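My entries follow in the order in which I looked.

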Amino acid sequence: GAETVAAFIAEPIGGSSSGAMVPRRGYWDEVAAICRRHEVLLIADEVLCGMGRTGRMFACEHFDLLPDILVLGKGLNAGALPLSAVLARRGLVELLAAGSGAFNHAQTYSHHPALCAAGLATLRALVAERLVERVARLEAPFLGGLERLREHRQVGDVRGRGFLAALEFVADRETKRPFDRKLHFAERFTERAFANGLIVWPNAGNVDGTNGDLVLLAPPFTATEDELAEIVHRLDRTLLEMT
């Protein structure tokens with residue numbers, strides 16, 4: 001029953017485990033309505049997909065989703081240093097203030113002023129250089145280039161938003177049957193791509209917990225159209241070498 005559920009937590013747009021999975025239209029509306037009906041907190045995990053990665057400052061903006069709690073990290077300081085943040089709606093903050101008056105979240109190296117300064121500098125750069133808007137503007141050529149890779153028989157899906165995308169690999173495109181896990185396709189693809197001067201993030205198990213190969217792509221916000229095209233070119237070359 002609902003009384004046993006404290007919160008629902010998920011990535012508004014999938015990260016490495018699901019491979020940039022973008023929910024269908026209406027999905028988050030349904031989830032939010034269910035959470036409100038049962039008084040369950042809705043927590044958006046934007047550690048990976050937040051801070052401009054998908055072409056919006058927060059991925060939940062794509063769905064007009066207003067979570068109770070939003071968790072940030074990684075892009076909060078350009079991935080250079082370990083910094084995270086928790087945002088909460090005013091009602092929750094007031095509830096804590098009226099109770100203990102404190103938010104207990106201390107660890108040995110928390111509240112690090114230098115890391116916070118790095119986070120503030122990152123935020124200022126994102127706004128001043130309009131980098132989030134830049135990601136949104138270059139989404140079309142980036143994802144459009146990746147779409148051309150569907151001609152390779154090993155590519156079962158291409159998906160993503162902004163500068164967060166994934167290639168999912170399959171043994172059979174008609175049935176979407178995944179490769180046998182013993183083949184370690186995603187790992188071998190990653191090694192081959194690295195030999196071609198390209199870094200990708202591999203993952204497996206996205207189909208049933210064991211099988212299912214994919215690689216995640218997340219270029220820097222400053223990548224040019226030529227550089228995005230070069231990423232596609234090197235992926236194409238790697239796929240040809242994997243045949």
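I began with the second largest pocket, whose lining residues divide into eight nonpolar, five polar and no charged. For these classes I counted Ala, Val, Leu, Ile, Met, Phe, Trp, Tyr, Cys and Pro as nonpolar, Asp, Glu, Lys and Arg as charged, and the others, Gly among them, as polar.

The model is a predicted one, in which local features need pLDDT of at least 70 and side-chain atom pairs count only at pLDDT 80 or more, while totals for chains, interfaces and linings use all residues. Residues are numbered from 1 along each chain as its sequence is written, and side-chain values use heavy atoms, with hydrogens and water left out.

The volume of the second largest pocket is about 310 Å³, and of the 13 residues that line it, Ser-84, Ala-85, His-105, Ser-110 and His-111 are the closest to its centre. I took a pocket as an open set of points on a 1 Å grid over the protein atoms alone, where a 1.4 Å probe fits, with protein on both sides within 12 Å along at least five of seven lines, and lining residues as those with an atom within 4 Å of a point. Volume here is the space filled by probe spheres set on the points, which are joined across faces, edges and corners. Strand S4 (85–88) and H3 each supply at least two residues of this lining; helices (H or I, at least four residues) and strands (E, at least two) are DSSP runs numbered from the N terminus.

Next I looked up the largest pocket, which holds about 790 Å³ of space. Its lining has 29 residues, and those closest to the centre are Arg-53, Ala-218, Pro-219, Pro-220 and Phe-221. Helix H3 (113–128), strand S8 (213–217) and helix H6 (225–241) give two or more residues each, with H3 giving the most, three. By class I noted 20 nonpolar, six polar and three charged residues in this lining.

Of its 56 residues, Leu-146, Phe-189 and Leu-235 touch the most other members, and helix H4 (residues 131–147) contributes the largest share, seven residues.

For Cys-60, the nearest cysteine sulfur is that of Cys-49, 8.1 Å away.

Note on methods:
Core = buried A, V, L, I, M, F, W, Y, C linked by side-chain atoms within 4.5 Å. Buried < 20%, exposed > 50% of the residue type's maximum accessible area, 1.4 Å probe, protein only. Disulfide = S-S within 2.5 Å.
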